[in-house]
Amino acid sequence: MKAKWIMGVAIAASAIVSLYFIIQLNLEFAILSMLVMFTLTNAARTAMYKKQGLIRESKWMLWMAVFFAIASLCTLLYIMLL
């Protein structure tokens, strides 16, 4: 139960940070924080689907989380290099 709360707080925090950067018109960091939020939500769905016994859906969400994690790292590199 504690892991669910931590994941929920992390998702909410990344959503708030995304909204902050959108308001500040800093779109690079807004995109980065949204990608982090998508990574966290897909990781949470992976665990939820696996717990429910939905193995195929769990694998799909796992690969989506990996994709968004790689996209987050690429966006971070882009921001740091430019």
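The chain has three helices and zero strands. Helices here are DSSP runs of H or I with at least four residues, strands are E runs of at least two, and both are numbered from the N terminus. This is a predicted model, where local features need pLDDT of at least 70, side-chain atom pairs count only at pLDDT 80 or more, and totals for chains, interfaces and linings use all residues. Residues are numbered from 1 along each chain as its sequence is written, and side-chain values use heavy atoms, with hydrogens and water left out.

**Stop 1: the whole chain.** Select everything. Along the sequence the pattern reads α-α-α. The C-alpha atoms fill a box of roughly 45 × 25 × 15 Å along the principal axes. Of the 82 residues, 24% count as buried. Buried means under 20% relative accessible area, exposed means over 50%, and partly exposed lies in between (1.4 Å probe, protein chains only). The chain exposes about 6,200 Å², and carbon and sulfur atoms supply 77% of that area. Accessible areas come from the Shrake-Rupley method with a 1.4 Å probe; for residues, only the protein chains shown count as cover.

**Stop 2: helix α2.** Select residues 27–52. This helix has 26 residues. From first C-alpha to last, α2 reaches 37 Å, close to the 38 Å expected at 1.5 Å a residue. The expected span is 1.5 Å times one less than the number of residues. Now colour the buried residues of α2, among them Ala-30, Leu-35, Met-37 and Thr-46. Which helices do they pack against? The partners are α1 (2–23) and α3 (55–81).

**Stop 3: Asn-42.** Stay in helix α2 and pick Asn-42. Is Asn-42 buried or exposed? Asn-42 counts as buried because its relative accessibility is 5%. Show its contacts (heavy atoms within 4.5 Å). Leaving out residues up to four places away in sequence, Asn-42 touches Met-61, Met-64, Ala-65 and Phe-68.

**Stop 4: Gly-53.** Step just past the end of α2. Gly-53 takes a positive phi of about 90° there.

**Stop 5: a surface patch.** Select Leu-62, Trp-63, Val-66 and Ile-70. Together they form a nonpolar patch on the surface, with about 410 Å² of accessible area. Patches use residues with over 30% relative accessible area and no salt bridge; like charges are joined within 9 Å, nonpolar side chains (Val, Leu, Ile, Met, Phe, Trp, Tyr) within 5 Å. A salt bridge puts a side-chain nitrogen of Lys or Arg within 4 Å of a carboxyl oxygen of Asp or Glu. Finish on Leu-62, which lies in helix α3. Leu-62 counts as partly exposed because its relative accessibility is 42%.
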